[in-house]
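The following briefing covers helix packing and chain contacts. Please consult the sequence and structure shown here.

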Amino acid sequence: MAPAVQFRAAVALAGRFPALAGVDLSLEAGEVVVVVGANGAGKTSLLRTCAGLLAVTAGEALVLGVDLTTDHTAVRRHVGLLGHAAPLYDELSAAENVRFAVRALGLPAAAGDAALERLGLVGRLRTTPAGRLSAGQRRRVALAALIARRPALWLLDEPHAGLDAPTRALLGVLIGEAAAEGAAVLLSSHEPELAVPLSDRVVVMRGGRITGGSPGGRRAPVRALPDVDLPAVKLRAGPGTMGAWHVA
Amino acid sequence: MLVAGKDLRIEARSRVALWQVVPFAVLVLVLVAFAIGPDTGPMRQAAPGVFWIAVLFSTVLTVQRSVAIESGEGTRDGLRLSGIDPGGIFLGKAAAVGLQLLVLQLVLWAGVTIFFNVRVHVVWLAVVTSLLATVGLACAGVLYGALSAGLRVRDTLLPILVLPVLAPVLLAGSKAWQAALNGNASSGTGWLRILIPFAVIYLVIGIVLYGPLQEAA
C-alpha cells in the first residue's frame, strides 16, 4: 500500500521564503505522527503543504497518491485541516457551519449532525452563531466538521490549543479511531506531553527540515520515551503510564 | 447553490445589505435629485443615469461584502479545502451578489419613480436590461473582488479596479432605460447587444479564472 504522505527533499515557498527547505517524510495509512519544533520551524507549513494549500516547487511530494508538484489542489477534498483559525462563518450556527462543510463534499447532512453530537455540540450550542462561541467551542465545531468529512489524512495544527480537559481526552479518542479506520494523522504540537502519547512516531523540525525522529507513545513503551531536543527547550521523558514529557 | 445559499444567509443575518447598501443607494438618488433641482425636465432626463450610477456604486459595496465573508484565514482556507470546484464557488458568489442587486434595483425603481417623477412605459425592456446588467455586474464584480481579495488595500482598490470596467453597463443600461422610460423600445434593444456579450464574457472568464485568482490571493 502506498504511503499516505511521501515527501523527498520537498521544497515549498511561502512567497519568496522557503517554508519547507527539503523535507523528507513518509506517513503510512493508519499512522499517527507528531511534528514538534520551535516556532517558525515549518510545522504549520508542512501541514499546509500536505493539505495542498502551499505549492511544492522542488523535490517529490505525494499525498494520498496525488503528486503535489504537478497539481497541489487536487488533494484538498480528501484531507481535513484543523488550523489555528477555525474555518467558521460567524453569522452561521455551529450546525449550519458543519452542514456546509459536509454538503460541500456531497455528503448527507446527517453526517454533520452525528459529528456535532459526538463533540457535545447539542442543544443551544448547535444553534448559536459561531461568532458568539468561545474559542474552545469554535475549535470543537471545526473538529466536528473535520470528522464529519471523514478525511483520509488528518492534519491537526496545535489541536489541543483552547480545548478543555474532556475535549482533549475526546480528541485523543477520535485520533485513535481515525487511525484504526485507516486514516493517516499528522499533528503539530507545542504540548508533546499531550500529543506524543497519541502517536506512533515523533519527528522534529528545524529550519524547514525534518532533523530527527523517534518512536511515539503508541509504539514505544511509555517509560522509554525519547528525549527531544528543541532549539529553545529540552524535553525529558518522564515516568508514568501516560508517557508524560516535561521540560527539563 | 450551496455557496449562494451560504452567502445569502450570512447577508440576511448580518443585515449589512439591508441597513447599509440599500440606504446608501437611495441616498444617492435623493442627493442627486436635490442637486438637479425641482425642474421635472432635467430630472426625467437624468433618472436612468442616476439609477445606474446608484446600482454601480452599490455593486462595489455588495462585492466588498461578498469578499469580506472569506477575508479571515480560516474561512478562506476552509473554502479552498471545501471540495467545491472554484468555478462553482464563483457562480455561487455571483448568484448571491446578483440576487441582492436585483432586490436593490426594485427598491431603486420605486425610488426613481417617486423622486424623479418618471414612469417606465416599456416594462419588459427595463426588466431585461436589469437582468442582463445584473449578470454582468455580479460576474465582473466577483471576479475583480477575487483579484483584490488578498490585498490589505482591497477596500479602496476594488472601486478603482471595477468601476471603469463596469462603464459599458452604465452606458448601455442608462440608454436602454431611457428608451424604456420614453416608450421607445426599438431604440433600447440595440443597447442590449452590449449587455449580452458583457455578461457572457465575464461569466466565462469568471468560471475559468476564479480558481487561479483565489490561489494567488
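In H5(B), the residues Phe90(B), Lys93(B), Ala94(B), Val97(B), Gly98(B), Leu101(B), Leu102(B) and Gln105(B) meet Ser130(B), Thr134(B), Val135(B), Leu137(B), Ala138(B), Cys139(B), Gly141(B) and Val142(B) of H6(B); contact requires C-beta atoms, placed from the backbone, within 7 Å. The model is predicted: local features need pLDDT of at least 70, side-chain atom pairs count only at pLDDT 80 or more, and totals for chains, interfaces and linings use all residues. Residues are numbered from 1 along each chain as its sequence is written, while chains are lettered from A and ligands numbered from 1 in the order in which they are written.

**Helix pair in chain B**
- By class, the contact of H5(B) with H6(B) has 10 nonpolar, five polar and one charged residues.
- Helix H5 (residues 86–115) of chain B packs against helix H6 (residues 123–148) of chain B at an angle of about 135°, with the axes 8 Å apart.
- The crossing of H5(B) and H6(B) is right-handed.

**Helix H2 of chain A**
- Because 10 of the 10 residues of helix H2 (residues 94–103) of chain A are buried, this helix is largely enclosed by the rest of the structure; buried denotes 20 or more other C-beta atoms within 10 Å of a residue's own.
- Packing against the buried residues of H2(A) are helix H3 (109–118), helix H4 (124–127) and helix H5 (135–148) of chain A, together with helix H1 (2–14) of chain B.

**Contact between the chains**
- Chain A has 18 residues in contact with 18 residues of chain B.
- H2(A) supplies three residues, the largest share of the side of chain A that touches chain B.

Terms used
Axes fitted to C-alpha atoms, helices over the stretch in contact; angles between N-to-C directions. Helix = DSSP H or I, 4+ residues; strand = E, 2+ residues; numbered from the N terminus. Left-handed = near helix turned anticlockwise from the far one by under 90°. Contact = placed C-beta atoms within 7 Å. Nonpolar A, V, L, I, M, F, W, Y, C, P; charged D, E, K, R; others polar. Buried ≥ 20, exposed ≤ 12 C-beta atoms within 10 Å, placed from the backbone.
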